[in-house]
Every structure is written in C-alpha cells, then in structure tokens.
Amino acid sequence: MNSTYERRKTTLSADILFRIFVVFTAGIYGSTALFQPETLIYQVAHADAFSELIMFSLCLLTIIGAVDVGVNDLLPERFVAKRTLKERHLINMAITLCFAVQMWTCVKYGLPRSILPFYGLLVVLIPIAAFIDIQKRYRFTK
Amino acid sequence: MKNDLKQLLIATQLSFLVLWPMSAWAATLAFGEHLASESLLSILATLLLSSVVGITALLSALKKEYEKSGEIKRLWLFIASNVTGSNTAGLFVYFGADSWGIPNGGKAVAIMAAAYGGNWFIERAVQSFTNKTVPEAK
C-alpha cells in the first residue's frame with residue numbers, strides 16, 4: 001500500500017503531461033512554420049501578414065508556456081513562477097486562439113484540409129484541459 | 001412579489017418567442033446571399049474561433065467567481081450565456097465583414113473583437129436580469 005502511494009506521488013499527473021504535450025506541439029508547430037517551407041504548416045502560417053503575426057505570437061507563447069510547465073510543474077515545489085501560474089488559463093487559451101486563427105486561415109484560403117483535424121483536436125482539447133485546471137485549482141477554495 | 005416575478009418571466013418568454021422568428025427572417029434578408037455562398041466548413045471554423053474567445057472570457061470570469069465565492073450555482077447557464085453571446089456576435093460580424101469587403105486578416109480580428117464584445121454584452125445582460133428577478137444573496 002505504501003509503495004503504491006509513493007509511486008502515485010512521484011508519477012506525473014495527466015494534466016501535467018497534457019501541458020507538456022501542448023507546449024511541445026506548439027513548439028514543433030512554430031519551428032516547422034518558420035524553417036520548413038515545403039510543409040503545409042508553413043503555407044498556412046505564411047498565407048498573409050496576419051497569419052505570420054499569429055505564428056510569431058505562438059512562438060512567444062510557447063516560450064512562456066514552457067517556463068510555466070518547467071518551473072511550476074517539473075521543478076521542485078520551492079521554485080514558483082507566480083505570474084505564469086496565475087495566468088495559466090490565459091496562456092493556454094492564447095495558444096488555442098493562435099491554432100484557431102490558423103485553422104480559420106486554412107479554411108478561408110482554401111488550403112489543403114488534411115491539417116484541419118490537427119487544429120480541431122487542439123482547439124477542442126486545450127480549452128477542456130484549461131477548464132479542468134481552473135476547476136481543480138479554484139473551486140471550493142473559498 | 002412571486003406573481004410579479006412569474007409575470008415578468010412569462011413576458012420575457014413571450015417577447016423571445018415573438019422576436020425570434022422576426023430576427024431570423026431579418027437575418028436571412030440581410031445575409032441570405034452570403035449564407036448560400038459560404039461553405040459549412042468556414043461557418044464552423046468561425047464558430048470555433050468565436051467560441052475560443054468566449055471560453056477565454058468564460059475562464060477568466062470563472063476564476064474571478066471562484067475566488068469570490070468558491071462555487072457557482074447553475075454552472076451550465078454560466079457557460080452557455082458566455083459562449084452563446086460570442087458565437088452570435090462572431091457569426092454576425094463574419095457575414096457582415098464579407099459584405100463590407102474586409103480582407104481575411106481583418107475579418108479574423110473583427111470576429112475575435114465581436115466575440116469578446118458579444119460575451120461582454122450577454123454577461124452584463126444576464127447579470128442585470130438576474131439581479132432584477134432573483135433576490136440578492138446575503
């Protein structure tokens with residue numbers, strides 16, 4: 001019983017794993033959009049000036065998200081990035097908004113639609129995770 | 001007091017039922033051409049984009065409410081009122097922007113701004129309505 005408890009204590013929880021997944025996905029998306037001109041992601045990200053701006057914002061948000069995950073989730077408890085922890089839902093939703101705008105751009109410019117399920121999945125799952133995170137951290141705290 | 005409240009709710013329901021077909025009819029007159037030419041996919045993408053803005057505002061409101069009182073009664077009403085306003089305003093601006101000839105980038109910004117505005121408006125409307133009809137919690 002004790003060993004089970006210890007193991008559960010040291011295993012990464014599902015929401016932390018999901019946040020790591022989001023940051024990695026956004027990071028890979030950003031780097032592909034910047035450096036891989038032959039990909040569909042590059043085409044979507046460079047469809048117009050606004051889409052490029054959104055892509056650069058996504059890169060910036062990925063760095064902020066990585067700081068949040070790295071410091072608040074993975075480092076020992078004495079390390080805290082208070083600002084990113086407080087505004088975590090906004091960081092996650094800003095990343096979602098970037099993906100939603102890219103999806104909208106893809107549809108409006110008539111680019112190949114094979115990438116839409118990727119955007120759709122992230123646009124649906126990240127808000128759900130952010131909602132659960134808010135419920136977990138703030139509900140019944142008063 | 002209870003009768004007044006009941007009458008007010010019936011009047012609200014009646015006005016909703018009377019106004020809804022009129023507004024739907026007016027919308028088809030105003031945007032009929034665009035509704036016929038737009039693909040379902042772009043409408044769905046617009047709905048998702050405006051929903052994301054609505055959910056962002058919703059999460060901030062949730063956090064504020066939880067910090068204030070710890071729990072929200074009728075959570076689904078809270079969620080629905082926030083997201084519905086965003087979706088409606090986002091869709092209206094999407095069809096409007098098409099007829100005003102705004103480029104795609106500007107259209108996305110307009111949809112996001114309208115979605116935020118719609119959310120703000122509905123939230124205020126719900127707040128003022130509930131304050132008038134439900135006795136304030138002590």
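**Ile95(A) and its surroundings**

Modeller: Apart from neighbours within four places in sequence, Ile95(A) is in contact with Val22(A), Ala26(A), Leu58(A), Leu61(A) and Ile126(A). The model is a predicted one, and every value below is computed from it.

Ile95(A) belongs to the largest nonpolar core, which has 56 residues; together with Phe99(A), Tyr119(A) and Leu62(B), Ile95(A) touches the most other members. Two or more residues of this core come from each of helix 2 (14-35), helix 3 (40-45), helix 4 (49-74), helix 6 (88-108) and helix 7 of chain A, and from each of helix 2, helix 3 and helix 4 (104-133) of chain B. As a general background, nonpolar side chains in soluble globular proteins tend to be buried together.

Of its 142 residues, 44% count as buried. Among the contacts in chain A between residues at least 6 apart in sequence, 62% join residues at least 24 apart.

Thr25(A) is found in helix 2 of chain A. Its relative accessible area is 13%, and Thr25(A) is therefore buried, the limit being under 20%. Beyond the neighbours within four places in sequence, Thr25(A) is in contact with Phe118(A) and Leu122(A). Thr25(A) and Asp68(A) lie 43 residues apart in sequence, and their C-alpha atoms are 15 Å apart in space. Thr105(A), in turn, is found in helix 6 of chain A. With a relative accessible area of 5%, Thr105(A) is buried. If residues up to four places away in sequence are not counted, Thr105(A) touches Val44(A), Ala47(A) and Ser51(A).

The account now passes to the contact between the chains. The axes of helix 7 (residues 116-138) of chain A and helix 2 of chain B come within 10 Å and cross at roughly 10°. Angles under 35 degrees count as roughly parallel, and therefore these two helices are roughly parallel to each other. By class, their contact has 14 nonpolar, one polar and two charged residues. On the side of helix 7 of chain A, the residues that meet helix 2 of chain B include Val123(A), Phe131(A) and Tyr138(A). On the side of helix 2 of chain B, Leu48(B), Ile55(B), Leu62(B) and Glu67(B) are among the residues in this contact.

Helix 2 (residues 40-69) of chain B has 30 residues and reaches 41 Å from its first C-alpha to its last, close to the 44 Å expected at 1.5 Å a residue. After helix 2 of chain B comes Gly70(B), with a positive phi near 85°. Within chain B, Asn87(B) lies in helix 3 (residues 75-100). Asn87(B) counts as buried, because its relative accessibility is 18% and the limit is under 20%.

Methods:
Residues numbered from 1 in each chain as written. Chains lettered and ligands numbered in written order. Predicted model: local features only at pLDDT ≥ 70, side-chain atom pairs only at ≥ 80, totals over all residues. Heavy atoms only, no water. Helix = DSSP H or I, 4+ residues; strand = E, 2+ residues; numbered from the N terminus. Buried < 20%, exposed > 50% of the residue type's maximum accessible area, 1.4 Å probe, protein only. Expected span 1.5 Å × (residues − 1). Axes fitted to C-alpha atoms, helices over the stretch in contact; angles between N-to-C directions. Parallel < 35°, antiparallel > 145°, perpendicular 65-115°, else oblique. Contact = heavy atoms within 4.5 Å. Nonpolar A, V, L, I, M, F, W, Y, C, P; charged D, E, K, R; others polar. Core = buried A, V, L, I, M, F, W, Y, C linked by side-chain atoms within 4.5 Å.
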